[in-house]
Amino acid sequence: MTLIQRAALAAIATTTLAVKAGEVEVLHWWTAGGEAKAAAALKATLQAKGHTWKDFAVAGGGGDNAMTVLKSRVVSGNAPAAAQIKGPSLQEWAAEGVLANIDDVAKAEKWDSLLPPAVANVMKYKGNYIAAPVNVHRVNWLWVSNDAFKKAGAKVPTNWDEFFVAAEALKKAGIIPVAHGGQNWQDFTVFESVALGVGGADFYKKALVQLDPATLNGATMSKVLDTFKKVKTYTDKNAPGRDWNLATAMVIKGEAGMQMMGDWAKGEFVAAGKTPGKDFSCVAAPGTAKAFTFNVDSFAMFKLKNEANIKAQKDLAAAIMSTDFQEVFNLNKGSIPVRLNMNLAKFDDCAKLSSKDFVETAKSGSLVPSIAHQMAVPSATTGAIQDAVSQFWNDDKMSTKDAQAKIAAAARTK
Ligand code: GAL
């Protein structure tokens, strides 16, 4: 072969590679410490397949900002290849006709046999896969600073009475009892754990999944709201507007005693080099040990035109469900793999407890979708109830009765 022939061959090889390699623009809101590490794992997985990752991160815990930006991008005909969209919103986006059918990937990778059916159904629209799930987050956790509790001589609470006893002890010791970030989605996250703890799983389902008017207007709901508002009295005056990870940092440093937050908070503890059991504890939010509010993150795939990018998008979908990715991603994210039958040897005790409780609560009927994290009801209804809950949290003059009426009215939003 002459030099020129060799050069020509090399050029052909590069062009073929270039045609195969595509770009995937991925919208997500994972910008905090543990979240960013998890997102980096996703990026590395895609890059290992020879594709280019175009980061489309929109900061803002809970994803409200990201969803607003996504809407304007899709409306202007410029959708990203993949976007972090969850729960019933997946159906809403699919109904707009903008999501891609990724059944070929799902069939080849046998997703139907690797996912809990309840999760698989959410990832499908009219029987076709339109999204790939990455994890299972548990929302009903209480994160505890072992140092702060030791200093205060407080006992880790298992029910609401014990919670307020511990909060008093922390306060007396000069420690902020509850680390909170006053943003609507964080208020809502605390609210749903209080609802689950005070009312139990059946109440939670009737009130916050079925939106039953009698339950929303009933006595248990009123008790939930009183308890919720009492929690606020143990937060600090700088809570309004604070990002969730900064609230977690207060617990990490022992400035605050506890935080009610999903297990993405564990990602922050771990990223800060902290060890569960030793530096901090993960326990079920008061009264919720036998229940589980789930929050499954997933990536919806948008319709694309460019062949190479479609290939890259499919490779991303396949990679997301691989055992390697599910392990490394979830170790950083604080969640557990959504893929069934994974080896959890590398996971900590919080993740092992989560995994055990996920299976047990699925059997007992107390596995419930997180309303605060868009798993339970349509997005417009979620937003309306969330706003009503935060109005009550923020307005110390609003009565429980008025709040209850507002929430029940918001639940009728379609
Ligand atoms: C949740 C999301 C988690 C985590 C959290 C805070 O809605 O499911 O993955 O990122 O928001 O940003």
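Which residue has a backbone N or O atom that lies 3.1 Å from an oxygen atom of the ligand? Select G62, whose backbone supplies that atom in this predicted model. Residues are numbered from 1 along each chain as its sequence is written. Because the model is predicted, local features need pLDDT of at least 70 and side-chain atom pairs count only at pLDDT 80 or more, whereas totals for chains, interfaces and linings use all residues, and side-chain values use heavy atoms, with hydrogens and water left out.

Next, select K86 and K333: a polar side-chain atom of K86 lies 2.8 Å from an oxygen atom of the ligand, and a polar side-chain atom of K333 lies 2.7 Å from an oxygen atom of the ligand. Taken alone the ligand exposes 310 Å² (Shrake-Rupley method, 1.4 Å probe), and the protein buries 100% of that.

Then turn to the largest pocket, with a volume of about 410 Å³, where a pocket is an open set of points on a 1 Å grid over the protein atoms alone, where a 1.4 Å probe fits, with protein on both sides within 12 Å along at least five of seven lines. Select D64, M67, K71, S89 and S379, the closest to its centre of the 17 lining residues (an atom within 4 Å of a point). Domain 1 (3-135 + 296-352) and domain 2 (138-294 + 364-410), with bounds from an automatic or database assignment, both give residues to this lining, so the largest pocket lies between them.

Methods
Grid points are joined across faces, edges and corners, and a volume is the space filled by probe spheres set on the points. A polar contact is a pair of N or O atoms within 3.5 Å; within protein, one must be able to donate a hydrogen and the other to accept it, and residues adjacent in sequence count only if both atoms are side-chain atoms.
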